[in-house]
Amino acid sequence: DSTSAPANNTKELVAVYKDQDLAKIQAMTVQEDGVLSEYLDLLLYNRNADWAKKMSKLMPLNSILFAVGAAHLPGDKGVISLLKKQGYTLTPMAN
């Protein structure tokens, strides 16, 4: 039943997000679906690089909580990796 597929995908994404399974989040994001994979640079990677630069300018000024979508977190081009490459130490928050 194709109507239950999005609901099942959403439930799976919520589960892997709660488990902080970044590898699975990345796998779900980049899986070939015919549309999203063509736009990963535009929708994810370019935005991640831009955000990481802006975050590094804002963080020394104040304590800040940044909220981004789960797909922006994992991978070499993810926000976590980009901030670590800038020398930041990141600690996941408990659910």
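The following dialogue examines how the terms applied to this predicted model rest on its computed values.

Visitor: What makes a local feature or a side-chain atom pair count in this predicted model?

Guide: Local features need pLDDT of at least 70 and side-chain atom pairs count only at pLDDT 80 or more, whereas totals for chains, interfaces and linings use all residues. Residues are numbered from 1 along each chain as its sequence is written, and side-chain values use heavy atoms, with hydrogens and water left out.

Visitor: How do you know how many helices and strands the protein chain has?

Guide: Helices (H or I, at least four residues) and strands (E, at least two) are DSSP runs, numbered from the N terminus. By that rule the protein chain has four helices and zero strands, and the order from the N terminus on is α-α-α-α.

Visitor: Why is Asn48 called buried?

Guide: Buried means under 20% relative accessible area, exposed over 50%, and partly exposed in between (1.4 Å probe, protein chains only). Asn48 has a relative accessible area of 1%, and is therefore buried. Asn48 is found in helix H3. Across the protein chain, 21% of the 95 residues count as buried.

Visitor: What makes a residue a contact of Asn48, and which residues are they?

Guide: Contact means heavy atoms within 4.5 Å. Leaving aside neighbours within four places in sequence, Asn48 is in contact with His72, Lys77, Gly78, Val79 and Leu82. For the protein chain, residues 24 or more positions apart account for 55% of the contacts with a separation of 6 or more.

Visitor: Why are Gln20 and Ala27 called partly exposed?

Guide: Gln20 has 36% relative accessibility, so it counts as partly exposed. Ala27, at 40%, therefore also counts as partly exposed. Gln20 lies in the loop between H1 and H2, while Ala27 is found in helix H2. The C-alpha atom of Ala27 is separated by 9.4 Å from that of Pro74, 47 residues apart along the chain.

Visitor: What makes the phi of Gln20 worth noting?

Guide: Gln20 has a positive phi of about 55° although it is not a glycine. Most residues other than glycine have a negative phi.

Visitor: How do you know that the buried residues of H2 line one face of the helix?

Guide: The buried residues of H2 are Ile25, Met28 and Thr29. Seen down the axis of H2, they fall within an arc of 100°, so they line one face of the helix. The arc is that of the directions from the helix axis to the C-beta atoms. An α-helix has 3.6 residues a turn, so residues three or four places apart point the same way.

Visitor: What makes up the largest nonpolar core?

Guide: A nonpolar core is a set of buried Ala, Val, Leu, Ile, Met, Phe, Trp, Tyr and Cys residues joined through side-chain atoms within 4.5 Å. The largest one has five residues in all: Ala52, Met55, Val79, Leu82 and Leu83. Helix H3 (40-58) and helix H4 (79-85) are the elements that give two or more residues to this core, and the largest share, three residues, comes from H4. Not counting residues up to four places away in sequence, Leu83 touches Ala52, Met55, Met59, Tyr88 and Leu90.

Visitor: Why is one space called a cavity and another a pocket?

Guide: On a 1 Å grid over the protein atoms alone, a cavity is a set of points where a 1.4 Å probe fits but cannot get out, and a pocket is an open set with protein on both sides within 12 Å along at least five of seven lines; lining residues have an atom within 4 Å of a point. Grid points are joined across faces, edges and corners, and a volume is the space filled by probe spheres set on the points. A search of the whole structure finds one cavity of 30 Å³ or more. The largest cavity holds about 40 Å³ of space, and the largest pocket about 860 Å³.

Visitor: Which residues line the largest cavity, and which are closest to the centre of the largest pocket?

Guide: The largest cavity is lined by Gln26, Thr29, Val30, Leu44, Tyr45, Ala71 and Pro74, and H2 gives the most to this lining, with three residues. Of the 23 residues that line the largest pocket, Phe66, Leu73, Thr91, Pro92 and Met93 are the closest to its centre. H4 gives the most to the lining of the largest pocket, with four residues.
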